[in-house]
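Got your viewer open and ready? Load the model, pick a colouring you like, and follow along stop by stop.

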Amino acid sequence: MFLLAVCLTPAGAQPAGFGESTPATGQEKVARDMVRALKAYAVYKSGDFEAARARYRTLAEQGSVPGMTNLASMYAAGEGGRRSQEQALYWYTKAARRGDANAMYQVARAYRTGRGAPTDAALADRWYRAAAEHDNPRAQWVIGRRLYRRGDHLAGLDWIRTAAWNGNDPRAQQFLSERGEGRQVETTLDSTRRAAVLEALAAIDAAAQAQDAAGIAQQISADAEIRVRRPNGAGWTQLTRAEFETLWRDTFERADDYAFRRAEPDLLAADEGVLAFSEIEERLASGADVRTLDLHESATLRVVEGVAVIERLRLDIRD
């Protein structure tokens with residue numbers, strides 16, 4: 001969507017209060033850092049851990065995220081010098097504040113297990129959430145499983161399915177494969193609910209093809225939780241239904257030619273509702289500029305008296 005390039009406040013990019021400014025870096029510096037990190041890894045692979053640690057430290061102190069994460073890993077394992085979980089957490093945290101999803105996951109684990117710092121379940125959960133929203137499948141699985149066990153089956157399944165399908169997490173994949181064997185509490189998606197959900201999605205598709213922003217919003221509850229991630233954006237943006245409708249309206253107004261196509265959705269059922277996962281292709285033409293975007297949509301719908309309404313929506317837009 002063209003409008004998604006505008007600046008909106010990102011939601012959930014990383015734990016509040018943990019941000020760290022990142023120096024402006026051009027492509028050349030990024031490329032140089034990567035080459036140096038690869039050279040350090042070659043030293044590591046040769047078994048000269050002491051020299052590799054020294055190289056990674058130099059990189060880390062110069063602001064290289066790969067340097068930080070590899071140095072942290074070596075401290076955690078005691079490779080090339082003394083083991084220090086405190087130093088491992090320090091460097092993982094530095095990298096996490098720069099937006100590295102794996103480092104966020106490692107920081108979460110450290111606070112969960114007390115490695116390098118006193119245990120702090122609330123802080124661990126915040127870092128797990130940040131890692132999950134930065135597409136770390138292990139964090140997505142952890143959050144999903146925890147929500148599911150607490151009884152929030154739809155929210156849990158949402159994260160578990162994301163970890164299984166987008167991140168290929170084997171634990172999440174096994175969990176989903178075991179559904180229907182009597183070991184989980186999901187219910188079979190009956191024909192009535194299936195028809196209602198498909199009808200709601202079809203109504204959205206028809207509205208999009210007709211460039212009817214109000215028709216799209218009509219399928220969403222007034223207090224729905226809506227989150228959107230723009231292509232190459234800094235994180236997720238939380239929107240009201242009215243703001244979401246405005247996004248679509250401005251998109252249609254800016255496009256000279258517009259096409260919208262949804263692949264067959266994947267539906268998961270629980271007692272409290274239905275999850276619908278869809279891949280959507282969006283084609284926008286404005287003058288000579290033509291863009292094709294892939295939209296990964298996750299929608300939670302509640303069905304009442306044969307009518308499905310979206311209560312939670314995540315839309316991940318990718319070039």
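Contact, on this tour, means heavy atoms within 4.5 Å. Start with Val309, which touches Gln219, Ile220, Ser221, Thr300, Leu301 and Arg302, leaving out residues up to four places away in sequence. Before going on, a word on what you are looking at. This is a predicted model, where local features need pLDDT of at least 70 and side-chain atom pairs count only at pLDDT 80 or more, while totals for chains, interfaces and linings use all residues. Residues are numbered from 1 along each chain as its sequence is written, and side-chain values use heavy atoms, with hydrogens and water left out.

**Stop 1: Val309 and the whole chain**

Keep Val309 selected and show the cartoon: Val309 is found in strand β8 (residues 307-318). Helices (H or I, at least four residues) and strands (E, at least two) are DSSP runs, numbered from the N terminus.

Is Val309 buried, exposed or partly exposed? At 31% relative accessibility, Val309 counts as partly exposed. The cut-offs are under 20% relative accessible area for buried, over 50% for exposed, and in between for partly exposed (1.4 Å probe, protein chains only).

Zoom out for a moment. The chain has twelve helices and eight strands, and 45% of its 319 residues count as buried. Among contacts in the chain with a separation of 6 or more, 56% come from residues 24 or more positions apart.

**Stop 2: α2 against α3**

Select residues 49-61 (helix α2) and 65-77 (helix α3): their axes come within 8 Å and cross at roughly 140 degrees. Here axes are lines fitted to C-alpha atoms, for helices over the stretch in contact, and angles run from 0 to 180 degrees between N-to-C directions. That makes α2 oblique to α3. For reference, angles under 35 degrees count as roughly parallel, over 145 as roughly antiparallel, 65 to 115 as roughly perpendicular and the rest as oblique.

On the α2 side, the contact uses Phe49, Ala52, Arg53, Tyr56, Arg57, Leu59 and Ala60; on the α3 side, look for Gly67, Met68, Asn70, Leu71, Met74 and Tyr75. By class, the contact of α2 with α3 has nine nonpolar, two polar and two charged residues. (Ala, Val, Leu, Ile, Met, Phe, Trp, Tyr, Cys and Pro count as nonpolar, Asp, Glu, Lys and Arg as charged, and the others, Gly among them, as polar.)

Stay on Tyr75 in helix α3. At 6% relative accessibility, Tyr75 counts as buried. Apart from residues up to four places away in sequence, Tyr75 touches Arg53, Arg57, Arg82, Arg83, Ser84, Gln87, Ala88 and Trp91.

**Stop 3: α6 against α7**

Next, select residues 121-133 (helix α6) and 137-149 (helix α7), which pack at an angle of about 120 degrees with their axes 8 Å apart. These two are therefore oblique to each other as well. In α6, Asp125, Tyr128, Arg129, Ala131 and Ala132 meet Ala139, Gln140, Val142, Ile143 and Arg146 in α7. Sorted by class, this contact of α6 with α7 has six nonpolar, one polar and three charged residues.

**Stop 4: salt bridges**

Side chains of opposite charge can pair when their charged atoms come close. A salt bridge is a side-chain nitrogen of Lys or Arg within 4 Å of a carboxyl oxygen of Asp or Glu, and the structure holds 17 of them.

- Asp125 and Arg112: their side chains meet in a salt bridge (2.5 Å, N to O). Asp125 is in helix α6 and Arg112 in helix α5 (residues 101-113), 13 residues apart. Asp125 is partly exposed at 28%, and Arg112 is partly exposed at 31%.
- Arg193 and Asp190: this salt bridge is at 3.2 Å, N to O. Arg193 counts as buried at 14% relative accessibility, whereas Asp190 is partly exposed at 32%.
- Asp205 and Arg262: here the salt bridge is at 2.8 Å, N to O. Asp205 lies in helix α10 (residues 191-209) and Arg262 in strand β4 (residues 257-262), so the pair ties together parts that are 57 residues apart in sequence. Both Asp205 and Arg262 are buried.
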